[in-house]
Amino acid sequence: MVKIFFGNRSGVLLMLPLIAALYVGLNLWMGHHLPSINTGFGFWNIPLKESMIISVVLGPGLVVINAILLNWAFNRNGFKEKNNYLPALLFLIFSSYFHSFYFLNGFGIAQLFVVMTLVQLLRLDQNLDGRRTIFNAAFLLGVATTFHPFLLISVPFLFWMIWTLRPFIFRESALAVVGYAVPLLYAGTYSVISETKLLNKQFSSASLEWLFPDIYVITGGTFLLSIISIGAVIQKSQQSSIRLKKIFRLHILMVIFLGLLASMEFLAFQKIEPISGLLIVLVFFMPYGFGEKMPKTVPTVIFYLLFIFSVSKFFVPFEL
């Protein structure tokens with residue numbers, strides 16, 4: 001599987017929906033990840049239960065879309081000399097460890113808009129007018145915040161990331177403020193009209209699901225793959241263009257932001273699912289650990305161990 005996605009064949013992306021369907025089918029059969037009683041959608045009072053078919057279809061559907069968007073951004077911005085489709089595979093398989101892969105909730109929707117925000121930011125160029133792109137990025141992040149209000153902490157990071165790729169221009173910064181505020185104004189108005197009360201616990205729309213040792217396996221595996229990739233990432237950054245160097249800095253900021261978000265939600269709400277947001281950035285780094293021409297043995301073995309566990313958890317009672 002690694003070798004297939006490691007090559008320059010875009011057709012392998014057609015396998016992603018099939019892999020996602022496999023996971024969903026196994027979960028419906030074995031019931032490893034169970035639907036929550038109450039599904040949160042932030043400011044939006046959406047009467048959708050996770051047990052509904054639409055939730056089971058849209059949850060993994062959004063993950064597949066995210067995987068394709070991230071892989072497109074990876075190849076478009078020249079992270080590797082040749083096109084590589086490992087980011088999509090890594091994101092899909094590793095996301096299968098988390099609740100929002102199997103059931104639609106506000107956090108899953110917010111992830112989609114965060115990915116779209118990142119795609120927009122990667123379109124920024126030092127020498128081109130960035131007003132429309134910055135407005136779009138801020139607007140998309142604002143929409144994400146309406147579904148997962150804890151993303152309010154993203155505001156300073158948004159400007160920091162913009163200024164990493166662009167010089168400070170007052171008009172562009174003003175457009176970012178407007179773009180971010182517009183969805184919040186609409187969502188706030190909707191909440192007032194629909195009499196939706198946003199309680200403290202609803203600021204996080206992530207699931208309360210805790211499954212062990214699943215979380216240990218995925219965090220340990222992704223940590224090892226990230227460590228293996230550090231040397232190649234540093235070497236690539238040193239040899240890359242000025243623009244790609246800036247993109248690497250932007251991704252480091254994203255790691256800090258998403259790591260802070262996950263830590264704060266863990267402390268405030270005892271939720272572990274937000275850690276999955278780090279996959280959005282880590283899938284840009286982890287492919288470097290697999291090498292250039294042929295997949296290296298150690299990262300390939302780690303991936304297959306994670307993949308085997310992600311499937312076997314449906315059949316073997318690993319819970320601690």
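A residue counts as buried under 20% relative accessible area, as exposed over 50%, and as partly exposed in between. Isoleucine 227, with a relative accessible area of 43%, is therefore partly exposed. The model described here is predicted.

- Side chains of opposite charge can pair when their charged atoms come close.
- Another salt bridge links the side chains of lysine 236 and glutamate 81 at 3.1 Å, N to O. Because lysine 236 belongs to helix 9 and glutamate 81 to the loop between helix 3 and helix 4, the pair ties together parts that are 155 residues apart in sequence.
- Aspartate 129 counts as exposed, at 51% relative accessibility, while arginine 131 counts as partly exposed, at 34%.

**Glutamate 209**

- Glutamate 209 is found in the loop between helix 8 (170-193) and helix 9 (214-239).
- Although buried, glutamate 209 has no salt bridge. The nearest side chain of opposite charge is that of lysine 313, 7.4 Å away. A salt bridge requires a side-chain nitrogen of Lys or Arg within 4 Å of a carboxyl oxygen of Asp or Glu.
- The side chain of glutamate 209 does make a polar contact of 2.9 Å with the side chain of histidine 33.
- Apart from residues up to four places away in sequence, glutamate 209 touches His33, Leu34, Phe98, His99 and Ile272.

**Histidine 32**

- Histidine 32 sits in the loop between helix 2 (15-30) and helix 3 (53-76).
- With a relative accessible area of 11%, histidine 32 is buried.
- A polar atom of the histidine 32 side chain lies 3.4 Å from the backbone oxygen of lysine 313.

**Arginine 243**

- Arginine 243 is part of helix 10 (residues 242-269) and is partly exposed, with a relative accessible area of 28%.
- The side chain of arginine 243 reaches the backbone oxygen of leucine 124 at 2.4 Å.
- Setting aside neighbours within four places in sequence, the residues in contact with arginine 243 are Asn77, Leu122, Arg123, Leu124 and Asp125.
- Between the C-alpha atoms of arginine 243 and asparagine 8 there are 24 Å, and the two residues are 235 residues apart along the chain.

**Nonpolar surface patch**

- Phe223, Leu224, Ile227, Ile230 and Ile234 make up a nonpolar patch on the surface. Together these residues have about 470 Å² of accessible area.
- Isoleucine 227, one of the patch residues, is located in helix 9.

Definitions and conventions
Residues numbered from 1 in each chain as written. Predicted model: local features only at pLDDT ≥ 70, side-chain atom pairs only at ≥ 80, totals over all residues. Heavy atoms only, no water. Helix = DSSP H or I, 4+ residues; strand = E, 2+ residues; numbered from the N terminus. Buried < 20%, exposed > 50% of the residue type's maximum accessible area, 1.4 Å probe, protein only. Lys, Arg positive; Asp, Glu negative; His and termini not counted. Polar contact = N/O pair within 3.5 Å; in protein donor to acceptor, adjacent residues only side chain to side chain. Contact = heavy atoms within 4.5 Å. Patch = residues over 30% accessible without salt bridge, like charges linked within 9 Å, V, L, I, M, F, W, Y side chains within 5 Å. Areas by Shrake-Rupley, 256 points an atom, 1.4 Å probe, with all protein chains shown as cover.
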